[in-house]
Amino acid sequence: MGFGNSALGIPHQVVTSVQQARETLGVRLRELRRQANLTGLELARLAGWDNSKVSRYEHGKQTPSEQDIHTWCALTNAPHDIADLIASVRSVEAAWLEWKRVQSHHAQRKIARVEAESKFIRGYDPDLIPGLLQTRDYATAVLRECVRFIGGPDDLGAAVAVRMERQQVLRKGQRRFHFLIAEQALYTTVGSDGVMTGQLEYLAAQVRSSRFAIGIIPRTAQFRVPATNFLMYDAGHVRVETVSAELTISQPREVVLYEKAFQILAKHAAKGEAARALIFEALEARTR
């Protein structure tokens, strides 16, 4: 990790990802301008901007405001592209969060607010039990390892407390939940055998809950879609966690892909008693 933004605590990977997103946005803006048979200078003149503004946007040097997106689309006769372009702008400006902040109790509260405002929450995890289904001991072990890996302020106790508070969303209101968990997550050792036993017993009990659906994707399931862990909130946006940051996806065409991925994964998931059987197999492996 070098200096520059990284010296301010912003991981290099995050800076690179934001820049790539900005450049991708710039390419789309340039395509619209060319389709309208406008030069950069002509577009700037019509918009009342300085001559370099169009170039900065198209080369990913600067992120346009939402108002500038409206202006660009009006001048290039592309009103149908406004929603996607604005979603891209919002992703560039606000989607990437440092993983330190994601694990802090302040970020946990922010996630809790999003969950409280959602009516249908769906998630997939290939390695761990989803946060909303974690026992206190399991959550503590997960967050402790994250703090060790990332470094920074140790607010483990507060983060665990808020994660447990988040689970109240499972019992309040008329929300629906659908969680898909890869069978590997039942075997990934978090904490100790004791922690895992408690977690798996809790998960087995939740499979019969009328509040939400839980599917376990067998280890032998046919590969159909490349997917990392993600959470979908209604049909509005998706949250994806990476090693260094969290990505919030709100661009409609990208959300549609996650919807498609979830449906494919769900088809391969064991449900009901079949799911409980897989959980009990993992439990037996811990107690032999």
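## Overall picture

Take the contacts in the protein chain between residues at least 6 apart in sequence: 75% of them join residues at least 24 apart, where a contact means heavy atoms within 4.5 Å. This is a predicted model, so local features need pLDDT of at least 70 and side-chain atom pairs count only at pLDDT 80 or more, while totals for chains, interfaces and linings use all residues. Residues are numbered from 1 along each chain as its sequence is written, and side-chain values use heavy atoms, with hydrogens and water left out.

The protein chain has twelve helices and seven strands. Both are DSSP runs numbered from the N terminus: helices are H or I with at least four residues, strands are E with at least two. Of the 288 residues in the protein chain, 47% are buried. Buried here means under 20% relative accessible area, exposed means over 50%, and partly exposed is in between (1.4 Å probe, protein chains only). The protein chain exposes about 14,800 Å², with carbon and sulfur atoms supplying 53% of that; the areas come from the Shrake-Rupley method with a 1.4 Å probe, and for residues only the protein chains shown count as cover.

## Aromatic pairs

A pair of aromatic rings is described by the distance of the centres and the angle of the planes. The rule used here takes rings of Phe, Tyr and Trp (its six-membered ring) and pairs them if their centres lie within 6.5 Å; planes under 30 degrees apart count as stacked, over 60 as edge-to-face and the rest as tilted. By that rule there are eight aromatic pairs. One of them is Y124 with F230: the centres are 6.0 Å apart and the planes sit at 45°, so this pair is tilted. It ties together distant parts of the chain, with Y124 in strand β2 (residues 120-125) and F230 in strand β5 (residues 230-233), 106 residues apart. Y124 counts as buried at 10% relative accessibility, and F230 counts as buried at 3%.

F230 also pairs with Y258, this time edge-to-face, at 5.2 Å centre to centre and 70° between the planes. That pair links distant parts of the chain too: F230 is in strand β5 and Y258 is in helix α11 (residues 252-267), 28 residues apart. Elsewhere, W49, Y57 and W72 form one aromatic cluster.

## Charges over rings

Two arginines sit over ring faces. R176 lies over the face of F120, 3.9 Å from the ring centre, and R219 lies over the face of Y187 at 4.3 Å. The criterion is NZ of Lys or CZ of Arg within 6 Å of the ring centre and within 35 degrees of the ring normal.

As one example, L231 has R239 in β6 as its bridge partner.

Most residues other than glycine have a negative phi, and most peptide bonds are trans. D234 has a positive phi, near 50°. D234 is found in the loop between β5 and β6 (237-241) and, at 28% relative accessibility, counts as partly exposed.

In α4, the buried residues are D68, I69, T71, W72 and C73. W72 also belongs to the cluster with W49 and Y57. After α4 comes N77, with a positive phi near 55°. N77 sits in the loop between α4 (66-75) and α5 (82-95) and counts as exposed, at 68% relative accessibility.

Which residue 42 places away along the chain has its C-alpha 9.2 Å from that of N77? It's Q35, which lies in helix α1 (residues 12-35) and counts as exposed at 61% relative accessibility.

Helix α10 (residues 193-206) has 14 residues and spans 20 Å from its first C-alpha to its last, close to the 20 Å expected at 1.5 Å a residue. That expected span is 1.5 Å times one less than the number of residues. An α-helix has 3.6 residues a turn, so residues three or four places apart point the same way. In α10 the buried residues are V195, M196, T197, Q199, L200, L203, A204 and Q206.

The C-alpha of G194 is 9.5 Å from that of T287, 93 residues away along the chain. T287 lies in helix α12 (residues 272-287) and is exposed, with a relative accessible area of 57%.

Conventions
Pairing = 2+ DSSP bridges.
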